[in-house]
Amino acid sequence: MTATATSRIPFWRNVNVLKWAAQMVVVAIVVAIVIWLYGNYTENASRQNIPTSFDFLDNPASFQITGNSLSQSAPVRDAMVQGLLNTLRVSIVAIIAATVLGTVIGIGRLSTNWIVRKLAAAYVEAVRNIPLALFLTASVLVVVLGVFPQITDAWDLAGLAIVSNRGVAVAWYQGSGFGLLLILGLGVLAWYLVAKWRGRVADRTGNLPRSGLWGLGAFVVVVAVGWGVFGYSYTLPDVVGRGTVGGIRVDPSFFALFLALTVYTASHVAEIVRGSIQAVPRGQGEAADAVALSGFQRMWYIILPQAMRIAIPPIGNQYLNLIKNSSLGAAIGYYDLTLVAQTTVGNGSPAVPVFFLTMAVYICISLVVSALVNVANRRMMVVER
Amino acid sequence: MSGTATRWLHYNLFRTKRDAVLTVVFGALSIWLLYKTLNFVFVTGRWTIIEVNLRLLMIGRYPDAHVLRIAVTVVVLAAWGGLLAGFLRGRQVRAGRLTPADSKLTVARVLDLVERLWIPLAVVLLLLLLSATAGPWITAGASLAAALLGRLIGPFFGRLRLGGLASAVSVIVFAAIPLGMYYYVVTAVGFDDWGGFMLNLFLAVCSIILCYPLGVLLALGRRSGLPLIRVVCTTYIELIRGAPLFVLLLLANVALGFFVPDTLAPATSTRAIVVFTLFTAAYMAEIIRGGLQSIPRGQIEAAKAVGLSPIRQTGYIVLPQALRNVIPAQIGQLISLFKDTTLAGIAMGLFDLLQVSGAITAQPEFRGQGLIAETLTFAALMFWVVSYTMSRESQRLEKRLGVGSR
């Protein structure tokens, strides 16, 4: 009976047929639009004699990147790699700073201290509602060029850093960067192992583990030994004439971009941290009080680990936003990927391939970061029964 | 009295020794910040540059001959807003959701509104005080009167019995007024003469209106049971969300001419609106998808049980709840769209508020005086007041629609 009923449904009223027809129509429209756009593009490009291939990557870049030894005759490919590295550099530093600042402010918003609470709230409400581009302009034109002193009376921060409107020079190491990374990696590994060992000792003996302290000690020892063995040394910055020598010179544009990204993203991170702390059940804090943990212990061992678990996905989103926002550095002359792309287009590279390549790189970075965030999220997630 | 004050101090500032230290340190910091700010605003700040260039900052290089069009538009839109509010109140009274007494516009209600919106109102007053001509004053006064008048006569129309045709006509009339004003202000001048804060607001409003339908469609598409549609929507959303808005704007500025015929390649401002719309729609889709996921299955099953078609299930049952559940995130996205309109100035060379604030410091009479802090402060105030008001009102809207309590 049913079989005959279905067989009698005409195909234009058959739900399955209709579903597939609708999908086919949508896909056909999308494909048609893409083909139309691509056709226009190849036609226009060939009429104006503009190459559509990626051969431009091998042409000489014929521009220089500030604070980089890249020569003008190096291919565009190398310039874009340097741009990508610059993007990553400023993003990583700003992500770390924004996380720390944002977490502190987010905790501050929930402080029992009235002044701290109001100050943190004022920061968040003020910063969140002002465009990043405005902060960027302000940090170049007002902070770096306005507030920072001339090189002749630069601020000397205990000999470790020299701040002037020509940029910031900071004490730095001398030697191979890769080796230092290796040493730092070993240090972190030592930290992890020692902390684990202390945890086991504490389980066995019942003494306080103090794994953080022990781990830090192990880290310092490993890094110090590595530093000595590999023969690293450090240089301190110094003002000579109208410039600085020694240390590492941070370009004003880098500093301005870093400052704006940090200040802006910290306000968003602070809101996320606050929300996540409030989402931790009240009983957790009360239980910590009941076993007489101090305010710091209560925050560090009980509240924050649980809050961070909730905060990972949205904070990961903020990291993605920060990386994408770093493209605004192009507006203030920081040679990130975007400015390299813009410059090379100005020098005659074909615009469409350059910008599509740039976008593809950003999309790849985004995918990698969001994959990392997902991994972190999965590892931290509470396994519910 | 002093007892409560001491208790307040003890409870809020000096609970423990560490609290006292924090209070002293951050108290000193806030006093210093306050002093610096007040000193800048009232003593060291040289605000003549704002007074002289106020018109450029607000409406850019909109030609003199047509400025009246802006004033008329503002007044008409104020009347429209008042009328719409009154009309909707009247409809609610008719539906029995409000008593007539609740829908009256009383003095108390106006005062309430003033209290709620005192910050933007204060900024508008400040702008009026800064302006050298009578035009803005007349416009503001006329808009106020028009809004009140609209609000007073709106309920009478709202309370009328409207048949199918009449309600369709009323919807068309209410939609036609802003569209008409759009043609009135835009066609006379052409987009490329737009500038200042008006351009930021205009880009944001147009993109907000356009991105909503697209965002809803994308969200529904991504949740759809039809695999091909899901793939298309997901690809679009993820690709757009991975790319920086700034690069998209650069691409649209430099390379759009390659992809569309010259006749279709629009003015720069329109390009910006297109990019903002396509970009924000992807983010909106993700937010709305979150809202869709928050709807319990029982709602859809109930809708099916009473025999609603799939389109009606979505339109009457799922979407209204889904959109309501994610109001703060939606408004947050709209605020960030509004702030991002400054990128159009940087990437496409539009003369928006941020660009004007930079450009006026290079005028002959102000050059080399380091006035950028003053102009940027003004721009920051403008952006802040709009964004802050939006986020405050979104919190209020959320409370009023009873998210989480119904």
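Analyst: Ala292(A) sits in the loop between α9 (282-290) and α10 (295-325) of chain A; helices here are DSSP runs of H or I with at least four residues, and strands are E runs of at least two, numbered from the N terminus. Its phi is near 65°, a positive value in a residue other than glycine. Most residues other than glycine have a negative phi. Ala292(A) is also exposed, at 62% relative accessible area (exposed is over 50%, buried under 20%, partly exposed in between, with a 1.4 Å probe and protein chains only).

A word on ground rules: this is a predicted model, where local features need pLDDT of at least 70 and side-chain atom pairs pLDDT 80 or more, while totals for chains, interfaces and linings use all residues. Residues count from 1 along each chain as its sequence is written, chains are lettered from A and ligands numbered from 1 in the order written, and side-chain values use heavy atoms, leaving out hydrogens and water.

Asn49(A) has a positive phi too, about 60°, and is not a glycine. Its loop lies between α2 (15-47) and α3 (76-108) of chain A, and Asn49(A) is exposed at 70% relative accessible area.

Still in chain A, look at α6 (residues 177-205) and α7 (residues 211-229): their axes come within 8 Å and cross at roughly 150° (axes are lines fitted to C-alpha atoms over the stretch in contact, with angles from 0 to 180 degrees between N-to-C directions). α6(A) and α7(A) are therefore roughly antiparallel; that label needs over 145 degrees, with under 35 roughly parallel, 65 to 115 roughly perpendicular and the rest oblique. Residues of α6(A) including Trp191(A) and Trp197(A) meet residues of α7(A) including Phe219(A) and Trp227(A), contact meaning heavy atoms within 4.5 Å. The residues of this contact divide into 17 nonpolar, five polar and one charged (Ala, Val, Leu, Ile, Met, Phe, Trp, Tyr, Cys and Pro are nonpolar, Asp, Glu, Lys and Arg charged, the others, Gly among them, polar).

Over in chain B, Asp192(B) is in the loop between α9 (164-189) and α10 (196-222). Asp192(B) is exposed, with a relative accessible area of 52%. Leaving aside neighbours within four places in sequence, Asp192(B) is in contact with Ala267(B) and Thr268(B). Asp192(B) and Phe351(B) are 159 residues apart in sequence, yet 8.8 Å apart in space, C-alpha to C-alpha.
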